[in-house]
Amino acid sequence: MKSKVVIIGTGMVGMSYAYSMVNQGTCEALVLIDIDKERAKGEAMDLNHGLNFGDRKMKIYAGDYKDCSDAYIICITAGAIQHEGESRLDLLNKNTEIMKSIIANIKKSGFNGMLLIATNPVDIMTYVAYKLSGYDKCRVVGSGTTLDSSRLRYMLSEKLKVNSKNIHAYVMGEHGDSQFVAWSYALQGVQPIYQIASKNNSNISFGELDEIENEVRNVAYEIIKRKKSTYYGIGMALTAITKAILENENSILTVSSFLNGDYGHNDVYIAVPSVVNKDGVKRVIELALEKEEKEKFDKSVCIMKENINKINFE
């Protein structure tokens with residue numbers, strides 16, 4: 001079905017994504033799959049009871065892997081939860097085993113659509129899903145730093161006192177501790193943010209840009225410390241990616257994309273600005289990063305590859 005989405009994992013991330021899609025009328029059919037079948041049924045019932053207040057008629061139900069066969073997108077949110085004090089990379093081995101089981105079941109269903117991965121560490125889990133599935137690299141997409149870029153734009157908009165939709169700035173690299181802001185391409189409207197910061201009467205300084213970058217990198221840890229996990233923001237980010245695919249938007253999003261010579265790297269998934277449409281990642285946008293930015297990007301790729309080499313794909 002052209003507008004059928006399956007969510008695997010009905011935890012807080014999966015259900016925040018589902019709730020966001022219901023409110024935005026993103027798809028025609030929404031299927032919830034979870035190892036806890038009763039929970040999936042309860043979540044489907046709860047969402048259906050609110051459809052009267054939504055913008056679109058939708059079919060929502062708890063299902064199993066046979067329901068994947070005619071889906072356009074399967075979004076995988078299932079995985080171990082990141083606890084306080086853990087990095088996203090600490091989840092690597094636990095979630096690799098979970099991903100192996102999920103992908104095996106998806107392949108048995110005959111699914112031939114798009115895989116959207118949200119399970120952390122998301123760049124590596126996207127690579128794992130790609131390798132295990134055998135699907136075309138463009139059809140396997142990770143949420144990447146889509147949320148991190150949104151966090152960045154929010155923080156910049158608060159400081160600059162402009163609408164966040166007029167901030168064009170990107171977080172690149174790992175969705176994790178080695179991420180960085182491509183400041184050389186950060187704009188307020190059409191004005192470079194570095195240019196704004198260089199002025200004596202500016203309401204933002206270079207030091208404050210560094211503070212914002214560090215806050216974006218670490219804010220998930222602060223949220224986890226306060227409320228155990230993050231889910232609303234990523235749920236809305238996943239909805240934006242889903243809409244870009246289903247509505248063939250050709251939107252530029254910092255999703256986890258496969259590098260095939262781009263930025264001088266091969267055989268790795270990492271977050272870079274990419275054009276996303278009905279085909280998944282239509283193309284990677286290769287920015288001419290400044291020397292320091294390119295070094296940060298290379299370091300991030302190196303961390304991803306080091307961790308990929310630890311994985312047992314058998």
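Q: Is tyrosine 263 buried or exposed?
A: Tyrosine 263 has a relative accessible area of 3% in this predicted model. The cut-off for calling a residue buried is under 20%. With 3% falling under that cut-off, tyrosine 263 is therefore buried.

Q: What is the relative accessible area of asparagine 250, another non-glycine with a positive phi?
A: Asparagine 250 has a phi of about 55 degrees, and its place is the loop between H8 and strand E12 (251-260). Its class is partly exposed, because its relative accessible area is 42%.

Q: What is the omega of the cis peptide bond that joins asparagine 120 and proline 121?
A: Start with the location: proline 121 belongs to the loop between strand E5 (114-117) and H4. The bond from asparagine 120 into proline 121 is cis, and omega is about -5 degrees.

Q: How far apart are the axes of helices H3 and H4?
A: Two numbers describe a pair of packed helices, the angle between the axes and the distance between them. For H3 (residues 92-109) and H4 (residues 122-133), the angle is about 35 degrees. The crossing of H3 and H4 is right-handed. Their axes are apart by 10 Å.

Q: How many residues of the contact of H3 with H4 are nonpolar?
A: H3 brings Leu92, Asn95, Thr96, Met99, Lys100, Ile103 and Lys107 to the contact, while H4 brings Ile124, Met125, Val128, Ala129, Leu132 and Ser133. Sorted by type, three of the contact residues are polar and two are charged. The nonpolar count is eight.

Q: Which element gives the most to the largest nonpolar core?
A: That core has 81 residues, and those with the most contacts inside it are Leu30, Ile74, Ile76, Ile106, Leu115 and Phe297. Eight residues of the core come from its top contributor, helix H4.

Q: How many residues are in the second, separate core?
A: Its members include Met155, Val171, Ile204 and Val219. The second core's residue count is 18.

Q: Which arginine does leucine 115 touch, not counting residues up to four places away in sequence?
A: Leucine 115 is among the residues with the most contacts inside the largest nonpolar core. Its partners include Ile74, Ile76, Ile103, Ile106, Ala129 and Val140. Also on its list are Ser133, Tyr135 and the arginine asked about, Arg139.

Q: Which backbone oxygen does the side chain of threonine 242 reach?
A: Threonine 242 is found in helix H8 (residues 232-246), and it counts as buried because its relative accessible area is 0%. Beyond four places in sequence, it touches Val5, Tyr17, Met21, Thr26, Ile73 and Leu116. At 2.8 Å, its side chain reaches the backbone oxygen of leucine 238.

Q: How far apart in space are glycine 113 and tyrosine 135, C-alpha to C-alpha?
A: Glycine 113 is found in the loop between H3 and E5, and it is buried, with a relative accessible area of 9%. It touches Ala71, Tyr72 and Arg139, leaving out residues up to four places away in sequence. From glycine 113 to tyrosine 135 there are 22 residues in sequence, and the C-alpha to C-alpha separation in space is 9.0 Å.

Q: Which residues does glutamine 24 touch, not counting residues up to four places away in sequence?
A: Glutamine 24 lies in helix H1 (residues 12-24), and at 35% relative accessibility it counts as partly exposed. Arginine 56 is 32 residues away from it in sequence and 8.2 Å away in space, C-alpha to C-alpha. The contacts of glutamine 24 are with Thr239 and Lys243.

Q: How far apart in space are glycine 11 and tryptophan 183, C-alpha to C-alpha?
A: Glycine 11 lies in the loop between strand E1 (4-8) and H1, and at 30% relative accessibility it counts as partly exposed. It touches Asp34 and Arg39, not counting residues up to four places away in sequence. Tryptophan 183 is 172 residues away from glycine 11 in sequence, and in space the C-alpha to C-alpha separation is 35 Å.

Conventions
Residues are numbered from 1 along each chain as its sequence is written. This is a predicted model: local features need pLDDT of at least 70, side-chain atom pairs count only at pLDDT 80 or more; totals for chains, interfaces and linings use all residues. Side-chain values use heavy atoms; hydrogens and water are left out. Axes are lines fitted to C-alpha atoms, for helices over the stretch in contact, and angles run from 0 to 180 degrees between N-to-C directions. Helices (H or I, at least four residues) and strands (E, at least two) are DSSP runs, numbered from the N terminus. A crossing is left-handed if the near helix is turned anticlockwise from the far one by less than a right angle, and right-handed if clockwise. Contact means heavy atoms within 4.5 Å. Ala, Val, Leu, Ile, Met, Phe, Trp, Tyr, Cys and Pro count as nonpolar, Asp, Glu, Lys and Arg as charged, and the others, Gly among them, as polar. A nonpolar core is a set of buried Ala, Val, Leu, Ile, Met, Phe, Trp, Tyr and Cys residues joined through side-chain atoms within 4.5 Å. Buried means under 20% relative accessible area, exposed over 50%, partly exposed in between (1.4 Å probe, protein chains only). A polar contact is a pair of N or O atoms within 3.5 Å; within protein, one must be able to donate a hydrogen and the other to accept it, and residues adjacent in sequence count only if both atoms are side-chain atoms.
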